[in-house]
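Good morning, and thank you for joining.

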Amino acid sequence: FPSQLSATTAVSSDKTALTASAAFYATAGSYAVNVTQLATAQKSFSYAYDTGTTFGQGSLSFTVGGVAQPVIDLTDQASYTLQEIGAKINDANMGVTATVISGIDGDRLILTGNKTGAGNDFSFTSTIAAPDSVPSGTTQHALTDQDTSPGLAVSSAADAIITIDGVEVSSDTNTFS
């Protein structure tokens, strides 16, 4: 195919902001591309709990990307640490990753969506009661209470947005075709 032998290339004037490639069938042109917003995954933080705080039995019900996930049952032992709850969430392999960060104010459960894009948000409910042990001088919070304090890297699931010659285009990832 002679048309496939002629190479078409794409060049970005700022490769730190945008990289480009061209298919063999691309037509020649010059475009002004502006990155307005990068795609992000949802990230939520629990309030801080004393290190070693345990939670009683119950269940967690997640909705990820608008789809209800199988209930995570936490009844196979008498109580659970944040690390054990996080492991149960990760074992469910439902599109949300749990980690625990031990900071100077206590332990926090961090939940992060596995996919970027506005349609990949998550929410959850729980029948697990709030623990009795919390850092001195703080309010007792349920696991479902999310801390939105300034300084935490809380983020909402959002699409990437660019403009091409002034025309706005979106993608649920940071890749556009």
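Is Tyr25 buried or exposed? Tyr25 has 63% relative accessibility and therefore counts as exposed; the classes are buried under 20% relative accessible area, exposed over 50% and partly exposed in between, with a 1.4 Å probe and protein chains only.

This is a predicted model, in which local features need pLDDT of at least 70 and side-chain atom pairs pLDDT 80 or more, while totals for chains, interfaces and linings use all residues. Residues are numbered from 1 along each chain as its sequence is written, and side-chain values use heavy atoms, with hydrogens and water left out.

Let me turn to the aromatic rings. Three aromatic pairs are counted, taking rings of Phe, Tyr and Trp (its six-membered ring) with centres within 6.5 Å, and calling planes under 30 degrees apart stacked, over 60 edge-to-face and the rest tilted. One of them joins Phe24 and Tyr25: with centres 5.3 Å apart and planes at 85 degrees, the pair is edge-to-face. Phe24, at 41% relative accessibility, is partly exposed.

Phe62 and Phe124, by contrast, are stacked, because their centres lie 4.9 Å apart and their planes are at 15 degrees. This pair links distant parts of the chain, 62 residues apart: Phe62 lies in strand β4 and Phe124 in strand β10, strands being DSSP runs of E with at least two residues, numbered from the N terminus. Phe62 is buried at 1% relative accessible area, and Phe124 is buried at 14%.

Finally, Phe124 is among the residues that Leu143 touches, as are Tyr49, Leu60 and Ile85; contact here means heavy atoms within 4.5 Å.

Terms used:
Helix = DSSP H or I, 4+ residues; strand = E, 2+ residues; numbered from the N terminus. Lists of a residue's contacts leave out its neighbours within four places in sequence.
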